Amino acid sequence: MSMSKNVIRSGRITQQSLFRCSISRQRVQRSQERHFSQSRAVAAPVTGASEAEVQAALKYCSNLLLQYDRPSYTLSTFIPRTAQTFYIALRALNVSLSLIPDTTSSHTIGLMRLQFWRDAMAKTLSGSPPKEPIAILLASAISDLTERTQGRARISKGWLNRMINAREQTLTNDPYPDIAALESYAESTYSTLLYLTLSALPMTSVTADHVASHIGKAAGITAVLRGLPLVAFPGASTQRPDQAGTTMAGGAKQGAVMLPLDVMAQAGVKEEEVFRLGSEAPGLRDAVFTVATRASDHLITVQQMLSNIRAGQDAGHEFEHGHEEDHQYDFQSQNETPLQEVNRAFGVFMPAVGTRLWLDRLESHDFDIFQPELLRSDWKLPWKAYMAFTRKTF
C-alpha cells in the first residue's frame, strides 16, 4: 500500500482516539477501592504437597512459559517478588488452557479438559489441589497470600472460572459476531489475568482494575490478530517460544479466519479468499487495520487515564465493568491515592509494552498479518519494559 494510505490510516487512528478521549473527559470517576473482608478467614494450607513438589511445580511452570509464552516470562521480573509465584502459576494455567484445542482429538475431550480445570481450581482454592504442577504452585501461592494478609485478601473463583469458560469458543473456532464480542473475549481472558494478578499483590483498587481492563482488552485483541495465521493455516507453523500464547485465538483442528464478522463484511473479506490468496485477499488488510485500531485505542485511553491521574484529576471516564460481581469496592476507605495505587501496580501493566511494540510492527508491515516477522520475538521488549517501568509511563 502507498505511503499516503499509511498517513491516512495514522490520521484515522488519531481521530478515533481523540474522539474517545474527548467523550471520556465528560464523565467523572471517583477513586474507589475494593473492600477486604473484615472477618478473618481460616488459612488454607496446601495439603499433601511437599516443598520439593512445590519447587518442581515452579520449575515446570517456568519452563512452560519459556516454551510457549516467553514475553510473560520476561515480564515476570517486574511483578513484586511476593506475587511472582502466583503470576507464574497463573500464566502457566493460561498457557495450558490455550493449548487444549491443539492437544485434544475431539470437542468432547476438550470440554472434559476444561471441566478438569474447573474442578482443579475449586480444589486449589480450598487448599487441596490435585497432583498437578500448576494447581500445586497456585495453591502454594494462595496459601502464602492468605498468610501475608492474615486471611483478608482473596482470589476470585469467579474470575478463574471465567477464564476457563472463555476457552470453550476456541474448541470450535466459532467466529466473533462483532468486534464487541471480541472485546468481551479479551476482557474474560487477558483483562481477567490482570485482575487476578492485582489481587495477589494484593491490590484492590478500581483505578488499577480500570487500567488493567483496557490493557487486557488491547492485549487480547492483539493476541487474536497475532494468532490469525496459525489458526487460518493450522499445521503450517509450529508453536514457538516467542508467540506469547497466540493459540488462545483458536484451535488447530480446522482453518478459520478469526476476525469479527461485522468487520469482515464491512471490508469485503471472504474466508475462502483468505485461504486461497493469503495476505492478498481483498479487504483483509483493511479488516486487520480496523481491529488493530481498536486495540490501539485502548492503549491510548490508558495513556490519557495515566496523564489525568498524574495531574491530580480523575481517570476521565467510568469503569464499565465496575458493577460486576467480583468488582466490589468500598467507597469510604481510601488508604492510597489513585496515583499511588497505579505506581504500586505498574509491574502488572507491563503487557501494554509488548502489545504496543507488536502493533507498531504490524503497522510497519502495512497491516500484512501474514508477515513471518510478526511471529518472532521482539528483542526490544526487555529494554522497552524496563524504561516504561522506571518512568511509570508507556
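Mentor: A cavity is a set of grid points where a 1.4 Å probe fits but cannot get out. In this predicted model, the largest cavity holds about 50 Å³ of space.

Trainee: How many cavities of 30 Å³ or more does the structure hold?

Mentor: One.

Trainee: What makes a residue part of the lining of the largest cavity, and which residues are they?

Mentor: A lining residue has an atom within 4 Å of a cavity point. For the largest cavity these are Leu75, Ile79, Tyr87, Arg91, Leu194, Thr197, Gly347, Val348, Met350 and Pro351. Two helices, α4 (81–103) and α9 (179–199), each supply at least two residues of that lining.

Trainee: How is the lining of the largest cavity divided by class?

Mentor: Seven residues are nonpolar, two are polar and one is charged.

Trainee: What is the mean pLDDT of the chain?

Mentor: The mean pLDDT is 85, and 81% of the residues reach 70 or more. Over residues 1–45 the pLDDT is below 50, although this stretch has 99 contacts in the model beyond near neighbours in sequence. Over residues 237–252 the pLDDT also stays under 50, with 67 contacts beyond four places in sequence.

Trainee: How many helices and strands does the chain have?

Mentor: There are 16 helices and zero strands.

Trainee: Why is Thr170 called buried?

Mentor: Buried means under 20% relative accessible area. Thr170 has 3%, so Thr170 is buried. Thr170 lies in helix α8, residues 168–172.

Trainee: What makes the pair formed by the Thr170 side chain and the backbone oxygen of Arg167 a polar contact?

Mentor: The limit for a pair of N or O atoms is 3.5 Å. The side chain of Thr170 reaches that backbone oxygen at 2.6 Å, so the distance is within the limit.

Trainee: Why does Asn173 count as buried?

Mentor: Asn173 has 12% relative accessibility, which is under the 20% limit, so Asn173 counts as buried. Asn173 sits in the loop between α8 and α9. Its phi is near 55°, a positive value in a residue other than glycine.

Trainee: And why is Lys392 called buried?

Mentor: The relative accessibility of Lys392 is 19%, and the cut-off is under 20%, so Lys392 counts as buried. Lys392 is found in the segment after α16 (381–391). Here too phi is positive, at about 55°, although Lys392 is not a glycine.

Trainee: Where is Ser96, and why is Ser96 called buried?

Mentor: Ser96 is in helix α4. With 11% relative accessible area, Ser96 falls under 20% and is therefore buried.

Trainee: Which residues does Ser96 touch, and what makes those contacts?

Mentor: A contact needs heavy atoms within 4.5 Å. Not counting residues up to four places away in sequence, Ser96 touches Leu64, Trp117 and Ile134. Ser96 and Cys61, which are 35 residues apart in sequence, have C-alpha atoms 9.8 Å apart.

Trainee: Why does Ala200 count as buried?

Mentor: At 3% relative accessibility, Ala200 is under the 20% limit, so Ala200 counts as buried. Ala200 is placed in the loop between α9 and α10. Leaving aside neighbours within four places in sequence, Ala200 is in contact with Ala83, Phe86, Leu145, Arg148 and Ile155. Between Ala200 and Ile142 there are 7.9 Å from C-alpha to C-alpha, for residues 58 apart in sequence.

Trainee: How do you know which kind of peptide bond joins Leu201 and Pro202?

Mentor: Omega is about -5°, and the bond is cis. Pro202 is found in the loop between α9 and α10 (206–232).

Trainee: Why is Ile369 called buried, and which residues are in contact with Ile369?

Mentor: Ile369 has 3% relative accessible area, under 20%, so Ile369 is buried. Beyond neighbours within four places in sequence, the contacts of Ile369 are Leu225, Leu228, Pro229, Leu284, Val288, Trp358, Leu362 and Leu374. Ile369 is found in the loop between α15 (351–364) and α16.

Trainee: What share of the residues in the chain is buried?

Mentor: Buried residues make up 54% of the 394 residues.

Notes: Residues numbered from 1 in each chain as written. Predicted model: local features only at pLDDT ≥ 70, side-chain atom pairs only at ≥ 80, totals over all residues. Heavy atoms only, no water. pLDDT = per-residue confidence, 0-100. Helix = DSSP H or I, 4+ residues; strand = E, 2+ residues; numbered from the N terminus. Buried < 20%, exposed > 50% of the residue type's maximum accessible area, 1.4 Å probe, protein only. Polar contact = N/O pair within 3.5 Å; in protein donor to acceptor, adjacent residues only side chain to side chain. 1 Å grid on protein atoms, 1.4 Å probe; cavity = no way out; pocket = protein on both sides within 12 Å on 5 of 7 lines; lining within 4 Å. Points joined across faces, edges and corners; volume = space filled by probe spheres on them. Nonpolar A, V, L, I, M, F, W, Y, C, P; charged D, E, K, R; others polar.
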